[in-house]
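Take a look at the protein chain below. Keep the sequence and the 3D view side by side as you read.

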Amino acid sequence: MEIVKGILVVLHLVGFGAVFGSTLAQLPAVKQARARITPGILHGASLLFATGLLLVASIYMLGGQPNNAKIGVKTLVLIAMIVVILLNRKKESVSGGVLGAIAGLSLLNVALAVLWH
C-alpha cells in the first residue's frame, strides 16, 4: 500500500506542477492579450482533485485519521481554483489577475500541505 501512496503523492505533485507551470508559462502572453487557460491548467487541477481524494481515502483504508480541517481547507482552495479555471477557460484571453489567482491558489494549496501539521 505504501507504493500506491507514493505513486499518488508523485501524481499529486505532477498535478501541482502542471497547474503552476502552465499558469506561469502564460504570463508573458498577458501583454499581448493572448494569455489563456490551457488544457494543462485544467488537467493539472483535475489531477490534483483526483489524487487528493485517493490519498485521503487511502488514509481511511489503512485505519488512520487524517487532519479533516486541513483536508477541508485544501479542498475549498482547490474548488475555488477549479471554479476560476472553468469560468475562464473558454475566453479568448484572460487577464494577469486571473492567472495570478490560479497560481496563488495553487501555491496556497501547497503551503497548506507543507506547513499545516
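The model is predicted. The protein chain has four helices and zero strands. Of its 117 residues, 32% count as buried.

**Overall layout**

- Along the sequence, the protein chain reads α-α-α-α.
- Helix α1 covers residues 2-26. The other helices are α2 (39-61), α3 (68-88) and α4 (96-115).
- Along the principal axes, the C-alpha atoms fill a box of roughly 50 × 25 × 20 Å.
- Residues 24 or more positions apart account for 78% of them.

**The nonpolar core**

- In soluble globular proteins, nonpolar side chains tend to be buried together.
- The largest nonpolar core here has 19 residues.
- Which residues touch the most other members of this core? They are Val19, Ile37, Met81, Ile85, Val94 and Ile102.
- Helices α2, α3 and α4 each supply at least two residues of this core.
- Beyond four places in sequence, Ile37 touches Ile85, Asn88, Arg89, Val94, Val98, Leu99 and Ile102.

- Asn88 sits in helix α3.
- Is Asn88 buried or exposed? Its relative accessible area is 9%, under the 20% cut-off, so Asn88 counts as buried.
- Setting aside neighbours within four places in sequence, Asn88 is in contact with Ile37, Val94 and Val98.

**The largest pocket**

- Rolling a probe the size of a water molecule over the atoms shows where empty space is left.
- The largest pocket holds about 700 Å³ of space.
- How many residues line the largest pocket? The lining has 25 residues. His12, Leu55, Ile71, Lys74 and Ala113 lie nearest the centre of the pocket.
- Helices α1, α2, α3 and α4 each give two or more residues to this lining.
- The largest share comes from α2, with eight residues.
- By type, the lining divides into 15 nonpolar, seven polar and three charged residues.

- A pair of aromatic rings is described by the distance of the centres and the angle of the planes.
- The model has one aromatic pair. Its members are Phe16 and Phe20, with ring centres 5.4 Å apart and planes at 15°.
- Why does this pair count as stacked? The angle of 15° is under the 30 degrees cut-off, so the rings of Phe16 and Phe20 are stacked.
- Phe16 and Phe20 are four residues apart in helix α1, which puts about one helical turn between them.
- Phe20 has 22% relative accessibility. That value lies between the cut-offs of 20% and 50%, so Phe20 is partly exposed.

**The loop between α1 and α2**

- Val30 is in the loop between α1 and α2. With a relative accessible area of 27%, Val30 is partly exposed.
- Not counting residues up to four places away in sequence, Val30 touches Ala35, Gly96 and Leu99.
- Val30 and Ser95 are 65 residues apart in sequence. In space, their C-alpha atoms are 6.3 Å apart.
- Ala33 is also found in the loop between α1 and α2. Ala33 is not a glycine, although it has a positive phi of about 55°.
- At 49% relative accessibility, Ala33 counts as partly exposed.

- Lys5 is in helix α1. At 35% relative accessibility, Lys5 counts as partly exposed.
- Lys5 and Ile59 are 54 residues apart in sequence. Their C-alpha atoms are 9.0 Å apart in space.
- Ala50 is in helix α2. Ala50 is partly exposed, with a relative accessible area of 36%.
- Ala50 and Val110 are 60 residues apart along the chain. A distance of 16 Å separates their C-alpha atoms.

Conventions
Residues are numbered from 1 along each chain as its sequence is written. This is a predicted model: local features need pLDDT of at least 70, side-chain atom pairs count only at pLDDT 80 or more; totals for chains, interfaces and linings use all residues. Side-chain values use heavy atoms; hydrogens and water are left out. Buried means under 20% relative accessible area, exposed over 50%, partly exposed in between (1.4 Å probe, protein chains only). Rings of Phe, Tyr and Trp (its six-membered ring) pair if their centres lie within 6.5 Å; planes under 30 degrees apart count as stacked, over 60 as edge-to-face and the rest as tilted. A nonpolar core is a set of buried Ala, Val, Leu, Ile, Met, Phe, Trp, Tyr and Cys residues joined through side-chain atoms within 4.5 Å. Contact means heavy atoms within 4.5 Å. On a 1 Å grid over the protein atoms alone, a cavity is a set of points where a 1.4 Å probe fits but cannot get out, and a pocket is an open set with protein on both sides within 12 Å along at least five of seven lines; lining residues have an atom within 4 Å of a point. Grid points are joined across faces, edges and corners, and a volume is the space filled by probe spheres set on the points. Ala, Val, Leu, Ile, Met, Phe, Trp, Tyr, Cys and Pro count as nonpolar, Asp, Glu, Lys and Arg as charged, and the others, Gly among them, as polar.
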